[in-house]
Amino acid sequence: MIRRQRLAAGVCALLAALTAGLAFPAGAVADETDGKAAPKVELVLDVSGSMRARDIDGGSRMAAAKQAFNEVLDATPEEVQLGIRTLGANYHGNDRKTGCKDTAQLYPVSTLDRTEAKTAVATLTPTGWTPIGPALLKAADDLDGGDGTRRIVLISDGEDTCQPLDPCEVAREIAAKGIGLTIDTLGLVPDAKTRDQLSCIADATGGTYTDVRHKEELSDRVGQLVDRAADPVVTPVATQGATQCSDAPALKSGLYTDREEFGQQRWYKVDVKPGQEVRASVSVAADRAVGPDYGVLLRAVTVHDREIVRGEAAGDGRTDVISTGLRYPRPESDDDNAPAETVCLQVTNSFSPASGVKTTPGLPLELTVDVVDGPDKASDVASFGLGRGWWLLGALVLTGFLAGLLWGWVSRWRVAVWRTN
């Protein structure tokens, strides 16, 4: 009886210790996440006159947008700071110059007050022009500052009516700033021109485009994009490559973004210590119309311009992104004080712009650099050409040998029984 009581007491104490041990790390994680910048989202809604059209489930496009906004506002995560901006909501006249300035922030990007935001949305009435470009510029300013995720969700039913300010060019300029802002677009019952323009805007910043023809589709998609802003992501660091290695920025392990002109070379450099391995990959995206044949080259060279290793890839117009990579393991050194070696990374592309396409800003470039400890030589040496798979072959040989002995013994026993009978 006494032993059972002691055992029970010991189990209780162990459970208490485990509970305390689990509780404290949870608090530590909470403290770590408290210091992170809050994700920010701004919903940009087209309130132009065409939103009166009644072709979404028997109701108007404006009614579908309002219903979707109300559902999204109810489901917005607490940690997301959300704002709402309109375009074409206030000017009723026919003056194009005035109409193309008609964009206003309906609800500031901040901690969400659902009642206040819903009340603001309820007052909207389809009114004026479609100044998408100016609205995107203002929305980017609304989200400026901070290190958290930043996302614009643009909802429109028509193409921009305020040319020559091309919203595609505006999106490229926003992406060229390297502020890590993504623009997702949704087209309400779009025609071909609207679809092309909204897709171009999304592609320029790495966002997504979605066709919407039903209320439920609109609510679900906007909700997904708002929730996505709360997901932890790796935010690329904006950098600017040089025209030669000596002036190149020194990079550490991480994800970087840059812009590269058509046919241009960009240089970066990485320090690699003895026994370390540098792994690098680069992706160049065609965010506008380009020629059908293109390629990208990534070279690792010494400071004396001696090539160490290269990676290259070519495309033929079937994809908008082309990528390549390389690895360079630096050998171990007997000198414990051996200095790090500077490895220069050269990125070259052979894209050519289509006729009439602007060449500035440059094409979006994403560079991943990882400096890790090199592989252990002893563990990587092949054993009879089998590498680390030798033990599996040995096990199979032994199993086969034992199975053969067993089968032979059983066979002889059966023959002996047969002779006896």
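Me: What should I know about the model before we start?
Reply: It is predicted: local features need pLDDT of at least 70, side-chain atom pairs count only at pLDDT 80 or more, and totals for chains, interfaces and linings use all residues. Residues are numbered from 1 along each chain as its sequence is written, and side-chain values use heavy atoms, with hydrogens and water left out.

Me: How many disulfides turn up in the whole structure?
Reply: Three. A disulfide here is a pair of cysteine sulfur atoms within 2.5 Å.

Me: What pattern do they follow?
Reply: 1-2, 3-4, 5-6, counting bonded cysteines along the chain.

Me: Which cysteine does cysteine 100 bond to?
Reply: Cysteine 162, with the sulfur atoms 2.0 Å apart. The link is left-handed, at -95 degrees about the S-S bond.

Me: Is cysteine 162 buried or exposed?
Reply: Buried, with a relative accessible area of 6%. Buried means under 20% relative accessible area, exposed over 50%, partly exposed in between (1.4 Å probe, protein chains only). Cysteine 100 is buried too, at 12%.

Me: And what about cysteine 168?
Reply: Cysteine 168 pairs with cysteine 200, sulfur atoms 2.3 Å apart. Cysteine 168 lies in helix α6 and cysteine 200 in helix α7, so the bond ties together parts 32 residues apart in sequence. Cysteine 168 is buried at 6%, and cysteine 200 is buried at 17%.

Me: Which cysteine joins cysteine 245?
Reply: Cysteine 344, S to S 1.8 Å. The torsion about the S-S bond is about -70 degrees, so this disulfide is left-handed. Cysteine 245 is in the loop between β7 (237–238) and β8 (254–260), and cysteine 344 is in strand β14 (residues 341–349), 99 residues away.

Me: Switching topic. What do β5, α7 and β6 make?
Reply: A right-handed β-α-β unit, with helix α7 at residues 192–204. Right-handed means that, with the strands pointing away from the viewer, the path from the first strand over the helix to the second runs clockwise.

Me: Do β5 and β6 pair in the parallel or antiparallel sense?
Reply: Parallel, over four bridges. Pairing takes at least two DSSP bridges. Glycine 187 stands opposite aspartate 211 in β6.

Me: Which residues are on the covered face of β6?
Reply: Thr210 and Val212. Tyr209 and Asp211 are on the uncovered one.

Methods. Helix = DSSP H or I, 4+ residues; strand = E, 2+ residues; numbered from the N terminus.
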